[in-house]
Amino acid sequence: MTNVTYKYATVLVAIQNLRNEGYNVDFNLEENCLICGANKYTVDDFEIEQVYRYEGESNPSDEATVYGIASKDGLKGILVTAYGAYTDSMSTAMLRKLALKKD
């Protein structure tokens, strides 16, 4: 379940606070999985614990989402995505996993 309790002023502040909470690795998207070093994680291999979304004031391309992610093998890290990034090559399952959940 995602936690959207806190709202940070900027992406950088969100990242700094997640680092302070132990999210110490960086995840990246690669088609239908997350990668961290040589490790690859499918949608069943990780949980999104925190989500922070930032909207550009004047340009939709300035939008970003910061995720606090925990893998099932114990890694805690951060994924930052730009608005609309990677959606063309991403599986439906991954898109659903990364979709913001409304409380």
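Q: Which residues does N39 touch, leaving aside those up to four places away in sequence?
A: N39 touches L34 and L75 on that count. Keep in mind as we go that this is a predicted model.

Q: How far is N39 from F27, going by C-alpha atoms?
A: Their C-alpha atoms are separated by 9.7 Å, and the two residues are 12 apart along the chain.

Q: Let's switch to the whole chain. How many helices and strands are there?
A: The protein chain has 2 helices and 7 strands. Starting from the N terminus, the elements run α-β-β-β-β-β-β-β-α.

Q: What about the sheet, which strands are in it and in what order?
A: There is an open sheet of 4 strands, ordered β1-β7-β6-β5, and its pairing is mixed. The edge strands are β1 and β5 (46-54), each of which pairs on one side only.

Q: Which helix packs on that sheet?
A: Helix α1, residues 11-20, packs on it and touches β1, β5, β6 (64-71) and β7. The direction of α1 makes about 15° with that of β6.

Q: Back to β1 for a moment. How do β1 and β7 run, parallel or antiparallel?
A: They run parallel, with 2 bridges joining β1 to β7, residues 76-82. For D26, the bridge partner in β7 is I78.

Q: How much of the chain is buried?
A: Buried residues account for 35% of the 103 residues. The accessible surface of the chain is about 6400 Å², with 49% of that belonging to carbon and sulfur atoms.

Q: Last topic: where is confidence lowest and where is it highest?
A: Helix α2 (residues 92-98) has the lowest, with a mean pLDDT of 78, while strand β1 (residues 25-26) has the highest, at 97.

Q: And what is the mean pLDDT for the chain?
A: The mean is 81, and 76% of the residues reach 70 or more. Where pLDDT is low, the predicted coordinates should not be read in detail.

Definitions and conventions: Residues numbered from 1 in each chain as written. Predicted model: local features only at pLDDT ≥ 70, side-chain atom pairs only at ≥ 80, totals over all residues. Heavy atoms only, no water. pLDDT = per-residue confidence, 0-100. Buried < 20%, exposed > 50% of the residue type's maximum accessible area, 1.4 Å probe, protein only. Areas by Shrake-Rupley, 256 points an atom, 1.4 Å probe, with all protein chains shown as cover. Contact = heavy atoms within 4.5 Å. Pairing = 2+ DSSP bridges. Axes fitted to C-alpha atoms, helices over the stretch in contact; angles between N-to-C directions.
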